[in-house]
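Me: I am new to this structure. Please show it to me, and then let me ask about its parts.

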Amino acid sequence: QVQLVESGGGLVQAGGSLRLSCVASGRIFSSYVMGWFRQAPGKEREMVATVTWSSGSTYYADSVKGRFTISRDNAKNKVYLQMNSLNPEDAAVYYCACRKSAGTWSAGPWGQGTQVTVSS
């Protein structure tokens, strides 16, 4: 049973940077995909970035491409989201999630979320 815990959120000024971390307990299989999602008040949860555990292949939403970088440390069972050039539209609760092979994101597991606030 994989459990995910995020950290690294906080308050940052527009143009600043934050690095989110997600540590996974339990075994992460090579076929799993790890992702970062976010949800702002009144908006639907959206996918931000994903990384395949084995190959490191990445995907980014257009809104963050060129500003955010997702990475993973297989030895530490960690996934990171480096966020640069933050703007107020990036403010949201950020969630780490794991999609198991042949599974769906909604099936989880999901972390509890970490708040990112960007001041203009």
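Me: In what order do the six strands of the open sheet lie?

Reply: This is a predicted model, where local features need pLDDT of at least 70, side-chain atom pairs count only at pLDDT 80 or more, and totals for chains, interfaces and linings use all residues. Residues are numbered from 1 along each chain as its sequence is written, and side-chain values use heavy atoms, with hydrogens and water left out. Strands are DSSP runs of E, at least two residues long, numbered from the N terminus; two of them pair if DSSP finds at least two bridges between them. Pairing in this open sheet is mixed, and the order is 2-10-9-4-5-6.

Me: Which are the edge strands?

Reply: An edge strand here pairs on one side only. That holds for strand 2 (10-13) and strand 6.

Me: Which residue of strand 10 is the bridge partner of Gly 10?

Reply: Strand 2 and strand 10 run parallel, joined by four bridges. Gly 10 has as its partner in strand 10 Val 116.

Me: Which residue in the turn between strand 4 and strand 5 has a positive phi?

Reply: These strands run antiparallel, with six bridges. They form a hairpin with six residues between them. The phi is about 80°, and the residue is Gly 42.

Me: Which residue in strand 6 stands opposite Val 51?

Reply: Strand 5 and strand 6 (residues 58-60) run antiparallel, joined by three bridges. Their hairpin has five residues between the strands. Opposite Val 51 stands Thr 58.
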